[in-house]
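Subject: Handing over a structure, with notes

Dear colleague,

I am passing this structure on to you, and I would be grateful if you could look through it before reading my notes.

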Amino acid sequence: MAKIDDSVKKKVPELRFPGFTDDWEERKLNENVENIGTGRSSFKAGLDYSEQTPYEVLGSTSVISYSDSFDHSGNFVLTARVGANAGNLYKHSGNVKISDNTVYIQSKNLEFIFYLLTKYDLKKLAFGTGQPLIKASELKNLKLFFPKKFGEQQKIGSFFKQLDETIALHQRKLDLLKEQKKGYLQKMFPKNGAKVPELRFAGFADDWEERKLGELVEQIIREVPKPNKPYYRMSVRSHAKGTFKQFVDNPENVAMDKLFVVKKDDLVVNITFAWEHAIAVVNEENDGLLVSHRFPTYRADGKSDIEFLHHVVSKENFRRKLEFISPGGAGRNRVLNKKDFLKLKIFVPKIEEQQKIGSFFKQLDNTIALHQRKLDLLKEQKKGFLQKMFV
């Protein structure tokens, strides 16, 4: 692709395919597509597919029902006419019925139209506060910039279609890995009442033992004075979703005079939201950050494997235990009892098996994180291309 000199004031995108140099032209959408309309079929939601009802009924976001007849045929870009999904686009093909709550577009250059409207963001057309509305008549008169040559439209549409297919492929891989992890978590830890898991590494056959958490970790206190200049503090997400850092630009607004340092592989609990499963292991990124007294910190050094414990405390049955020892009303009134926390009992194998399990899940988590980063990067790249490849 060729990048256009910013100093050249033309009605052209910043980035385009070689061989195309003409200015883009502003036209009404209706002048560049074959058909824009609103579906006319009412429907009964929830009908199942059968030989008697082989035709899909399209609604605001996807297939919503099936019918014994169809009233539209071909390839479509669709969006909800009214409601929260007004402006959200999707594509569909075939012999279909289209509901009367759905606006559709048909065009020979449908892929280009789909991404052109994605970049424009049709939600800008929606009006009304309670129930946003998009009219087919508004779409018809919408003025947008189009390449003069149909070939350039085709190239742009094909490029973004391929990019979306790559994104979808990475999303499927990521979803599969997450499902595999769920399966392993079910099989590699004993179920309620059992003393051994369904799936184990070779060489391990002993029963798991019930131990108090206080026998597996010990509290560590690294007290420091509150900084007198801006600093980063760490917090723990609810629902066992890890840690995050926050920038404190004015330490004078922090009431406490003493804070505490956390280190990589510390087990940290947010006592005010432990009932909401706010427990995590500190990662390398947050090593050395500060926390308040509301985040008691524990180490597993020599007593157990921290990666193993990481996944034990992330399970739903452990959340219920945290909830039970966090008495009080809603929100911040429900504070974890730290003494009761160390009395919680969990089943654990010998340290060697813990290390095997912990290492296995750490590697799996690293693979999931790698795929997540790839997926996020592709989505960011798509955003950039949408900005640069349209006027």
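Predicted model: local features only at pLDDT ≥ 70, side-chain atom pairs only at ≥ 80, totals over all residues.

Residues are numbered from 1 along each chain as its sequence is written, and side-chain values use heavy atoms, with hydrogens and water left out. Helices (H or I, at least four residues) and strands (E, at least two) are DSSP runs, numbered from the N terminus.

To begin with the sheet, 6 strands form an open sheet in the order 4-9-7-8-5-6, with mixed pairing, where two strands pair if DSSP finds at least two bridges between them. Its edges are strand 4 (35-38) and strand 6 (63-67), each of which pairs on one side only. On average, and with direction ignored, neighbouring strands of this sheet are turned by 45° against each other; axes here are lines fitted to C-alpha atoms, for helices over the stretch in contact, and angles run from 0 to 180 degrees between N-to-C directions. Strand 5 (residues 55-58) runs antiparallel to strand 6 and is joined to it by 4 bridges, and a hairpin of 4 residues connects strand 5 to strand 6. Within this pair, Tyr55 has Ser67 in strand 6 as its bridge partner.

Turning to the helices, in helix 1 (residues 110-120) the residues Leu110, Phe112, Ile113, Phe114, Tyr115, Leu116 and Leu117 are buried, where buried means under 20% relative accessible area, exposed over 50%, and partly exposed in between (1.4 Å probe, protein chains only). These buried residues pack against elements including strand 7 (72-80), strand 8 (90-98), strand 9 (102-106) and helix 3, with contact meaning heavy atoms within 4.5 Å. Helix 1 and helix 3 pack at an angle of about 70°, with their axes 7 Å apart, and the two are therefore roughly perpendicular to each other (65 to 115 degrees counts as such, under 35 as roughly parallel, over 145 as roughly antiparallel and the rest as oblique). Following helix 1 comes Asp121, whose phi is positive, near 70°.

The axes of helix 3 and helix 7 come within 10 Å and cross at roughly 160°, which makes helix 3 roughly antiparallel to helix 7.

Helix 4 (residues 306-313) is largely enclosed by the rest of the structure, because 7 of its 8 residues are buried. The cover over its buried residues includes helix 3 (150-187), strand 17 (267-269), strand 18 (279-281), helix 5 (316-324), strand 21 (345-348) and helix 7 (351-388).

Lastly, Asp265 sits in the loop between strand 16 (258-261) and strand 17, and is partly exposed, with a relative accessible area of 22%. Its C-alpha atom is separated by 5.6 Å from that of Val281, 16 residues apart along the chain. Leaving aside neighbours within four places in sequence, Asp265 is in contact with Val281, Val282, Tyr298, Arg299, Ile306 and Glu307, and of these Ile306 and Glu307 are among the buried residues of helix 4.

With kind regards
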